[in-house]
Amino acid sequence: MSHTTHLPDSRPVGERGGALTDGPPPDRTRKRHRPVSQQWAAWGFLTPVVLYLGLFYAYPLYRNIDLSLRNYTVRSFVQGNAPFTGLQNYRTVFDDPTFAPALMHTVVFTAVCLVFQYAIGLVLAVFFNQNFRLSATLRALFLVPWLLPLIVSASTWSWMLNSDSGIVNTVLHALGIGPVNWLTSPSWSLVSVIIANIWIGVPFNLVVLYSGLQSIPTSLYEAAALDGANAWQRFWRITFPLLRPVSAITLLLGLVYTLKVFDIIWIMTKGGPADSSTTFATWSYQLGFGNLLPAFGPGAAVGNLLVVAALVFGLVYVRVQRKQQLS
């Protein structure tokens with residue numbers, strides 16, 4: 001008589017026969033829904049941002065566009081019954097004799113400031129990247145112009161460039177050079193505000209570019225040094241190409257900031273003398289608030305031109321970045 005030993009079935013329950021396998025298979029395609037509490041939490045965090053953007057960006061932009069499309073006076077500005085004029089305010093701005101000089105001054109002011117701020121900031125960032133003694137202390141001192149209120153910086157430069165008692169002319173006199181009318185001469189007023197704005201903008205470029213340098217691996221420099229590359233070759237073949245994304249965003253932010261610079265120019269020269277340092281930013285203020293009979297519509301139109309210019313450069317930057325990512 002033979003005895004058969006039955007070993008326990010080690011298969012999973014779902015693979016065995018019997019009543020346990022008769023039920024329907026689990027629905028693996030059923031979507032998982034977020035709990036309602038999480039959705040309310042997400043909207044709660046998003047609401048302050050939406051309100052901030054709507055109140056401080058979208059609504060002022062809408063009001064500025066509305067101002068540029070209507071013939072507002074002081075009375076209609078209060079009562080809100082200004083007649084619609086379409087693009088007449090823009091035609092007025094384009095036909096104004098101040099338009100061409102203001103456009104040229106805006107382009108020159110923005111281009112020169114961007115070039116010098118970026119170049120000086122890059123040189124200082126490479127210099128401080130050596131991590132020598134007192135490097136952190138000196139970097140902190142270079143941040144002082146960026147931390148000061150603009151009214152303080154502009155007032156300081158106005159005193160330094162004063163024709164009679166300014167320290168700059170005092171130094172020039174000691175060197176045997178005649179005094180320069182920095183703020184009262186049409187030939188030098190734009191140069192004066194450019195110098196002041198470069199001094200203020202260099203620390204921002206230094207901070208951003210220095211942060212970009214910190215992300216470059218030191219092994220690349222060590223390998224290039226072993227291959228016999230000198231300092232200039234290491235900078236041109238390693239540092240500058242790898243800093244390209246950081247440089248792009250630095251120049252874009254600097255462009256947007258420089259286009260709308262108003263405080264420095266207005267405090268130092270008020271756009272003069274004879275509109276020799278007038279830019280779109282100061283001209284917009286002069287039209288809207290600088291006269292006894294303010295021209296709100298043309299002033300808003302000039303401001304919108306600045307917005308369009310910043311938007312165009314922003315779109316160009318996004319397109320270039322997208323092409324670089326795809327390539």
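This is a predicted model: local features need pLDDT of at least 70, side-chain atom pairs count only at pLDDT 80 or more; totals for chains, interfaces and linings use all residues.

Mentor: Leu134 counts as exposed, because its relative accessibility is 56% and the cut-off for exposed is over 50%. Leu134 sits in the loop between α4 (99-128) and α5 (135-142). Its phi is positive, about 70°, although Leu134 is not a glycine. Most residues other than glycine have a negative phi, and most peptide bonds are trans.

The loop between α13 (263-268) and α14 (280-289) holds Pro273, and Asp275 lies in the loop between α13 and α14 as well. The peptide bond joining Gly272 and Pro273 is cis, with omega about -5°. Asp275 is not a glycine, yet has a positive phi of about 60°. With a relative accessible area of 33%, Asp275 is partly exposed.

The largest nonpolar core has 35 residues, and Phe109, Ile264 and Met268 touch the most other members. At least two residues of this core come from each of α4, α7 (150-160), α9 (189-214), α10 (218-226), α11 (231-242) and α13. α9 gives the largest share, 11 residues. Leaving aside residues up to four places away in sequence, Phe109 touches Leu190, Val193, Ile194, Asn197, Thr258, Val261 and Ile265. Another core, of 15 residues, lies apart from the largest one, and Tyr90, Val93, Phe99 and Leu306 are among its members. In soluble globular proteins, nonpolar side chains tend to be buried together.

Conventions
Residues are numbered from 1 along each chain as its sequence is written. Side-chain values use heavy atoms; hydrogens and water are left out. Helices (H or I, at least four residues) and strands (E, at least two) are DSSP runs, numbered from the N terminus. Buried means under 20% relative accessible area, exposed over 50%, partly exposed in between (1.4 Å probe, protein chains only). A nonpolar core is a set of buried Ala, Val, Leu, Ile, Met, Phe, Trp, Tyr and Cys residues joined through side-chain atoms within 4.5 Å. Contact means heavy atoms within 4.5 Å.
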